Every structure is written in structure tokens, then in C-alpha cells.
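Please have the sequence and the model open while reading.

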Amino acid sequence: MRNLKVLFVGIIAIICVLFVTSRQMRTSQGHTGDNTLTIYNWGDYIDPELIKKFEQETGYKVSYETFDSNEAMFTKIQQGGTAYDLTIPSEYMIQKMMAEEMLIPLDYTKIKGIENIDSRFMDLDFDPENKYSIPYFWGTLGIIYNDKFVDGENIQHWDDLWKEELRDSVMLFDGAREVIGLALNSDGESLNSKDDELLAQAARKLAKLPDNVKAIVADEIKMYMINEEASVAVTFSGEASEMLDNNEHLHYVIPSEGSNVWFDNIVIPKTTRNIDGAYAFINFLLVPENAAQNAEYIGYSTPNKEAMGLLPEEIIEDEQFYPPDEVINHLEVYEDLGVEYIGIYNDIFLEFKMHRR
Amino acid sequence: MNKRKGRLANLYLFMVFVLLYLPIFYLIFYSFNAGGNMNGFTGFTLEYYQALAEDTRLLGIVVDTFLLAFLSALLATVIGTFGAMMIFYTRGRKNRNVLLSMNNILMVSPDVIIGASFLIFFTVLGISLNFLSVLLSHVAFSIPIVVLMVLPRLKEMNPSLIDAARDLGATNWQIIYKVIIPFVTPGIIAGYFMAFTYSLDDFAVTFFVTGNGFSTLAVEIYSRARQGISLEINALSTLLFLFSMILVIGYYFISQGNTSKKQKSLNKSRQEAIDTL
């Protein structure tokens, strides 16, 4: 009994110490009452220096929380019980959140600096007139190759993935929209096609691809490409920029015949309790200096055209991440296809994945 | 023949331990890698430990995680111990089995389902997701473990001890405090440590019920993994591994203290018996 008492008293003492430390850490960061701004963002998707700078400039205290997928974020906000003031979903999820009425329409009288955003990235199909969202970063889907194993000249288009010499050396991203989209693009069709004939044609074309496919993977592509386990992969530009940093033999290509362009946009969910703070943060991110600093840290493409002037030339002139207009014009956003066609896309993709060599 | 068998058995044991510990040591090894990734060791550095010390957000989460584990294990131990007594002293085999099965169902049901149901439960009740919601759910899923740790000790106990105490005029409270609890102490301590580790490494349940600025280590590491795990996480894991080793050693000494004392008193009474003879 005495043993037990000593143990429990010790544990209670530890709990008290931890409690006080936790309290102190929180107050030293200045989280008191209503000056807190809660940002719900992807893990490691903002330069931490910017958060410090924002806190100093405005006096708000930022509580930064992270999610790892659009779906997780959606569930968390939809369930309620949270007080997120800002979040940064991808475009298809913004559409879904709009449909569920989870977002607050933006009041443009409170937003300064929206003119800094490149007009090419405004007023897109998923959010007409940008009623709910402001672009944060954007990127593309493309091909990454290792110049040790393949000649870059031969890897410029989607069709090149079918070439004989790439036998058993291509890694594909594990997504129905991505893979069928590239098959449609390779024939010069829209990756949002709802034409059964074109889809059947894409499926037939894909049936010839498996001989070249080494694996269909997701996040692991990054590691495999850096370690040179495959010579060619289909991946997103954000991931690609990180791979390029880690292996100088890698190069990223956006096929000029067309590809996907994705956006991560800032939105204010209905759970906000500090809407003024949310606008203050949006305005802060729209300032070109801040956007440039963030883009340099993250390595994704910024939609802020004023910020581009502040970035080092080697970044801006890098066509891998800031493609020329004629390429951008061929890029398309994934549209919501509706339940029926999502099902068809998934079936085609499943059939492709089950293909036996 | 026997000797050879023993050697093979030892080799097998050794292989099992190597398999279990290799990944952990691999991770620890690379926490000192100057190269910045886990692809090749390029040089020794303590840079990540330094970065860890400066990452106040992560340290805050570590403190919160431990606070949560200590506190939830304590509450669960108190509730679970009484729960075990309640189950043990329930009259009728059938009733007892029903109670025990209800306890066991919570043990075997998947964490994801428990987590999801807590999330729905808390939102229906309007409890906002923060430290309290995580604490409540951790207490809830730790209780069945404590019950299962304490119950066997109760079964080992000689029922005539209680009869004897009652004969000597002990009240119900005195019986609990002076007879039952001292006897089941090893079970309680084991239950506490089990609940503690369960709380510390739970991901699935916590994932559902965290929010509003409160997060635990498991959830935070998972969110960070999207960008490829930074070696800072390796450094943190190394420290946690050391901590759990200390915990195991501490547990060893606590339980060791218990048995040696028991043995001592046993020896003493034997000595006394001999003396009186």
C-alpha cells in the first residue's frame, strides 16, 4: 500500500509539473483568449518565419494545426467542435465544401492586394469569381526523369511513356484521374472527358502501357526517384521540386499537349471565430515579399505575379515550375465529374491496375 | 544433443530480437546523419537535436502528450481497479461473465471505430474537441486494460483473507484499503504502466478527437510525414526510446522492490516460527 501511495504521489507530482510547463509554454507563446488565429494547413506548408513575422506585425497569435489529406480536413471541419479560422484545401475539395455550405464568402472590401494575383489563376471553374477562395500555390502533373538512364529529348510528351525503351521503368501515380487523364491528354483530348467513346479509347491505349510500368505508387515515388530505383515517373510538380533538390540528375517535364493544373487555395470555413484575424492573414500572404519568401521555402509555384518579380531569376525562369503561356493554356483543372463518371473512371483504372503481364 | 538444441534456440531468440530492434536502431543511427536524409550516412551531427530544442511547438506537444498519458492512466487506473473489484465480487457467474465480456468487447473493437464513435458522441453533446475530449477518450479506452491487469490478482487472492478481516471487525472501506488493494498492488502498477503506454502511442482514437490547438505526438508526426519525415523526428524518437527504456527499468525496480519485500517478510515469519519452536 505504501508503495502504491508513493508511486501515485510521484505521478501526481509529475502531472502537476507537466501541467504548469504546458501552461507556461502556452502563455509564453501568448495564447490568450480572442487574439488567437487558428490555421489548419498541410504539414510543413508555410515558412515558419512568416508566422513569426505575422505575429509581430499584427499582434495575433497563430495556432498552427496540420492535416495530411483533403479528406481528413473535410471530415474534421464538417464534424464541428473545431474553431479553424483558415484552411487551405485543393480545388476539388473547395468545390465539395462549397456544395456543403461550409465556407464563408469572402468580403473583398476587407482584402488588400488581390490584384497581385495573376489573373490567369483567378475566376476558374471550381470557384467562379473567387467568391470563396484565393490561390495559395499551384502546380502541375508531369513527368520526372533521370538523365542517367534516359535521354531527356525522348521524354517530352505523354506518348513517350509508351516507348519500347522504357520497358519496366515507369512509375505511375496511383490515381484514376491522373492516369486516365494522361491517356486522354496524350490523344489531345480533355482530361475531364465524359465521352464514353473517348474513354473506351483511352482504356484501350492504357492496356498497352503495363509492360512499361514498374509500379503504381503514391508518396513513395519521391523516395524511389531520389534513390534512382526507376528512371521515369508521373508525379506532381510540388513533389518533383523536392526530388530535384535531392538528386541533380532528375528533371521535370510538363507535356505540352496538356496536363492537369492543381490549386491549393485559402478559404475561411464557417467554424471561424476570428474572422478579422483570418482576413489579416490573407492580406499578409498577398503581400509580394511574403509570398516570395514562402514560395522560396516551399518550392511550389506562386500565383502572386508581383512576388515573382522578387524571386531569384533561376526560379522564375525555370520552365519546369513556371511554364510558358502556351503550356499553361493547355492545362486543365480536374472538374467534378459527378458520381456516375467517377465510377466509370475508377472502373477503367481498376481494370488497368489488374492487367496481367 | 541438448546443448545443440539450446544453441539453436538461442540463435532463434537472437534473430527475433535483431529483427525487432534493428528498425529502431536504424532510425536512431540516422538521427545523427549530417546528410539530411536516410539514404546514406555522410557524417555525424547533433544539428537535429538542436533544431528539436528550438521547435517550441513540437516540444509543447511532447509535454501535452506526456501530461495526457500520465493523467489518463491515473484516472483509468482508479476507475479500472474498482471496476475489476466490482466484476470480481458480482454475484452469479452469468452476471459476472456478461460484465467481463462487455469489458473485453472494448478491448478487441478496432480503435478506428472507437475513435469515430467518440467524435460523433462529443459533437452530439457539444463538447468541443480539445484536451478534455482527448483525455476522456484515453481514459475510456484504458479502463478495460487496467481491469484485465487487476482481475487475475483478485482471483489469486485467498477469499478467507476477507472473511478473516470481517471477523476481526473491519468495515467495508477498511477491507478495500487494508486487504484488497495491498494485495493487488502489483496488478495496479502493471495496469498503470499498460494504460500509460497505450495512451502514449495511441494514434487512431486520438486522431479523431484532437482539435483546437491540441494535438499529440503521434498525430503531429503523422501530419508531418506528408513532406517526408525530417530527421528531427528521428531525434525525437531517439529521445522517446531512451525515455521508454528508463520507464521499463523503473518498472523493473518497482516490481522488484515489491517481491523482495514480500520475500523478506516471508523469511522473517519463517524465522519467527522456527524461533518459537
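Which element gives the most to the lining of the second largest pocket? In this predicted model, that element is α4(A), which contributes five residues.

## The second largest pocket

The second largest pocket has a volume of about 1,100 Å³, and among the 34 residues that line it, A:N70, A:Y92, A:F173, A:E178 and A:F236 are the closest to its centre. At least two lining residues come from each of α3 (70-79), α4 (91-99), α5 (176-186), α8 (237-246), β9 (259-267) and α14 (338-353) of chain A.

Both domain 1 (36-137 + 264-315) and domain 2 (139-262 + 318-354) of chain A provide at least three residues of this lining, which by class holds 13 nonpolar, eight polar and 13 charged residues.

## The largest cavity

Across the whole structure, a search finds three cavities of 30 Å³ or more. The largest cavity has a volume of about 140 Å³, and of the 17 residues that line it, A:E65, A:T66, B:T210, B:V219 and B:S223 lie nearest its centre.

Two or more residues of this lining come from each of β2 (61-67) and α3 of chain A and α10 (217-224) of chain B, and the lining divides into seven nonpolar, five polar and five charged residues.

## The second largest cavity

The second largest cavity holds about 110 Å³ of space, and it is lined by 13 residues, with A:P135, A:Y136, A:L285, A:A291 and A:T302 closest to its centre. In chain A, β4 (133-146), α9 (275-286) and α10 (288-298) each supply at least two of the lining residues, and the lining as a whole has ten nonpolar, three polar and no charged residues.

Terms used
Residues numbered from 1 in each chain as written. Chains lettered and ligands numbered in written order. Predicted model: local features only at pLDDT ≥ 70, side-chain atom pairs only at ≥ 80, totals over all residues. Heavy atoms only, no water. 1 Å grid on protein atoms, 1.4 Å probe; cavity = no way out; pocket = protein on both sides within 12 Å on 5 of 7 lines; lining within 4 Å. Points joined across faces, edges and corners; volume = space filled by probe spheres on them. Helix = DSSP H or I, 4+ residues; strand = E, 2+ residues; numbered from the N terminus. Nonpolar A, V, L, I, M, F, W, Y, C, P; charged D, E, K, R; others polar. Domains from an automatic or database assignment.
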